Each structure stands twice: as C-alpha cells, then as structure tokens.
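Have a look at the structure below and get it turning on your screen.

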Amino acid sequence: MVTVPVDRHPALARVRRLLLRSPRVVHAARSLYRWPPLTRTRAFRAFVFARVEAAERALPTVVPRVAIETALTCNARCVMCVHSERKLVGIMDRDLFARLVDELAAWGVREVCLSIYGEPLVDRHWLERVQRVRAAGLSYSFFSNASLLRDEIAQQMLALGGWSEVNFSVNGLSQAVYERVMPPLRHARTYDNLQRFLARKQAAGGGPRVTISCVAMRENLHELDAFERFWSSQRGVDRVSIGNRTDWMGQLRRTDAGQPVEHRLRVVDDSVWHTPCPTPWSSMFVYHDGRVSPCCEDAAQRQLVLGDATQQSLRDIFHGEGYRALREQHRADRRCAHGTCGSCHANWPWV
Ligand code: SF4
C-alpha cells in the first residue's frame, strides 16, 4: 500500500488543515475510522498492518513526539476528569527536567509538549522551564485550562518565542455550564484571560497556534453549536475541537452511561477490532516522577510504564526492551493479551 506523506505536499497539507478546523469533519472521520463494518474488511486490516511495518522499518531514524508532565497537580476538578474523583499531585524535579530537555535537544527532538494530565501553569517554576526549553533551541506546546494565564506570563512567553501551539480546555460557553463542569474555576476569569491573550497574540502579529477544546457531555451538549460558533469567530483562534469522552480506562466512575452523549465515547466497544496502536512507534510521555509511557490513555492509572527517565536516557528507553516487547505484541496482533493495552478501548488512527 502506498501512503502519501501529506506534510511534504503543501496543497494536501492545506486541505488537511482546513478540514481539521471543522469539529464536524473531525468527528465524522473518527467515527468512520471506528465504524465496525469498515474495521472488519480485509482492506482495512491490510492498511493497518502496512502502516505498522512501515513504522517498524522507520524506527532507527524516528525522533518521537515527547510530552513531559511538568505538573500533575491541577487547580480544577472537571467532571470528566479523574482529578474530580481522586487526589493526583506532583511537580517534576527541576534538575530532572533540565536533563530531559538537554537530552531531547541532543537527540534531535525539535518540539516538546509540556503537559500530560495536570495544569502546567500551577507550577511556580513554569517560566524558568520555558526559558530552559528555549535555551536548548526547542519549541514547545501545552494544554491548559487558561484560568491562570495572567497577562505577565503570556507576555513573557510570547517574548521568549518558540511557543508553537496551545490547547485551551474550555468545557462550557455559558457561565452556568462552565462552572458546573469545571469547578472551582470561574467563567469570567477564564474568558477574560483568553480574550486578553488572543488580543495580545493579534497585537504581536504572531504567536502559538491556538485550539479551544471542549469535551462533549450531557451538561454542555445543548450549547455545543453556539460554543463552536463563538470560538470560531474569535480572532487568534485557529481551531475549535469538540472531543469525545473517555472513562480513562475505567478510572473515572462517572461516565454519563445511558445519556444522549454515550455514542460520543472516544473508545471502541468489544465488537470492533482493537488495532495495533501507533503510539509505541511514535510517542513518549514522561510523567512528573520520570516514569515513561507510550501514551496518555493510561495516565490516570499509570500501569503501562516502559522505563524510568531518572535511571535511563529517553533514547535508551525508546529503543529498549520495554518498548520493543510492546511493539512486538501489537505487531503480532496480540494487543488484547497485554495487561493494559488489552483493557484499553482506544483505537488511535494510523493516518
Ligand atoms: S493500546 Fe491503549 S494503552 Fe496501549 S499504547 Fe495504545 S493507547 Fe496506550
């Protein structure tokens, strides 16, 4: 099977960017990829296994996507997140962080995501970390709820450059919905922060690519269209993303089961082929304590640990026994025999 490397074709890349701007197109594409009749076809299986083999051949030269959890702690208790049900805290040691950043730069990683399952702006050393990333010549992205995005911080980050992308998680348009879904955050404060930041980005004539994201759930379903219209019309917003929920591999007790948004779970059920997963060939997620996982699907329970960055280099972990064994299991279509991947119901696309 021949696949087209979209990023090398500017026209195709432009079309893809335009399509990805529409939450409806993205939702339809995801649904199609998980559509049981499609996943049962020989063509679909052949496509997936061709991609697996291509990823395996490319491995010696691959530079993975890396996310570092500078902070697990969060100042919100969003109802669709395990932070609302269990205490999850931790801040990465600054020396470990500095060593990881230097390693990434030496490895040829050009960009790093600075969050996984917490709010990075709760960290009082946040700006120092950004400076460290920039001094190593890397650019960076992160996810944030924007409630702590003070103007001084935003200004300093814009001045440092290299801020390539940010995903602001804003799960309600009206005050009532926002504050019901994301307690104890205040709607007025977050919306003020975001609008001041977007104005500053416009005034600077550039800045990070901005995604405003929202998880669809019963509390906000009635205002999703208005949410999309509002944020799409804001200058400086590049994309609005309406995501599907997950139960974080059974770690979240409240799941909206039986509610009208049930079909928007982002995981597949047991009737769908659980495909080999692309993340062991492409990604590293370094938790705040140095443990390394290939994905964030397991971020609430943290059983899928393939290495310890306090003991080994990231490169050694990526090419080491833990990653190798997991890839072999997926490659042989034995994902369901794996303790964690077998109970994971995410089918991340190979496109
Ligand atoms: S199958 Fe699930 S748990 Fe396993 S690597 Fe993929 S996303 Fe992570």
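To talk about two helices crossing, you need an axis for each: a line fitted to the C-alpha atoms over the stretch in contact, with the angle taken between the N-to-C directions and running from 0 to 180 degrees. Keep in mind that what you see is a predicted model.

Start with helix α5, residues 94-107, and helix α6, residues 126-135. Their axes come within 9 Å and cross at roughly 25°. Angles under 35 degrees count as roughly parallel, so α5 is roughly parallel to α6. As for handedness, α5 and α6 make a right-handed crossing. Zoom in on the place where they meet: α5 brings Phe97, Ala98 and Val101, while α6 brings Arg129, Arg132 and Val133. Sorted by class, the residues of this contact are four nonpolar and two charged, with no polar ones.

Now stay with α6 and look for its contact with α7. Here the axes are 10 Å apart and the angle is about 5°, so α6 and α7 are roughly parallel to each other too. On the α6 side you'll find Leu127, Val130, Gln131 and Arg134, and on the α7 side Ile153, Gln156, Met157 and Leu160. That contact has five nonpolar residues, two polar and one charged.

Next, follow α7 (residues 151-160) to α9 (residues 187-204). Their axes come within 10 Å and cross at roughly 30°, which makes α7 roughly parallel to α9. The crossing of α7 with α9 is right-handed. Asp151, Ala154, Gln155 and Leu158 of α7 touch Arg196, Phe197, Arg200 and Ala204 of α9. Four of the residues in this contact are nonpolar, one is polar and three are charged.

What about the inside? The largest nonpolar core has 78 residues, and Val66, Ile68, Val112 and Val286 have the most contacts inside it. Pick out Val112 and see what surrounds it. Leaving out residues up to four places away in sequence, Val112 touches Val66, Ile68, Leu104, Val133, Leu138 and Tyr140.

In the loop between β3 (139-144) and α7 sits Ala146. Its phi is positive, about 70°, although Ala146 is not a glycine. Is Ala146 buried or exposed? A residue is buried if 20 or more other C-beta atoms lie within 10 Å of its own. Ala146 has 21 such neighbours, so it counts as buried.

Trp248 also has a positive phi without being a glycine, with a value near 50°. You'll find Trp248 in the loop between β6 (239-243) and α11 (279-282). It has 19 other C-beta atoms within 10 Å, so Trp248 is partly exposed.

A cis peptide bond joins Pro183 and Pro184, with omega about 0°.

Finally, head for Gln311, in the loop between β9 (307-308) and α12 (314-318). Gln311 is exposed because it has 9 other C-beta atoms within 10 Å. How far is Gln311 from Asp269, C-alpha to C-alpha? They are 42 residues apart along the chain, and their C-alpha atoms are separated by 38 Å.

Methods:
Residues numbered from 1 in each chain as written. Predicted model: local features only at pLDDT ≥ 70, side-chain atom pairs only at ≥ 80, totals over all residues. Helix = DSSP H or I, 4+ residues; strand = E, 2+ residues; numbered from the N terminus. Parallel < 35°, antiparallel > 145°, perpendicular 65-115°, else oblique. Left-handed = near helix turned anticlockwise from the far one by under 90°. Contact = placed C-beta atoms within 7 Å. Nonpolar A, V, L, I, M, F, W, Y, C, P; charged D, E, K, R; others polar. Core = buried A, V, L, I, M, F, W, Y, C linked by C-beta atoms within 7 Å. Buried ≥ 20, exposed ≤ 12 C-beta atoms within 10 Å, placed from the backbone.
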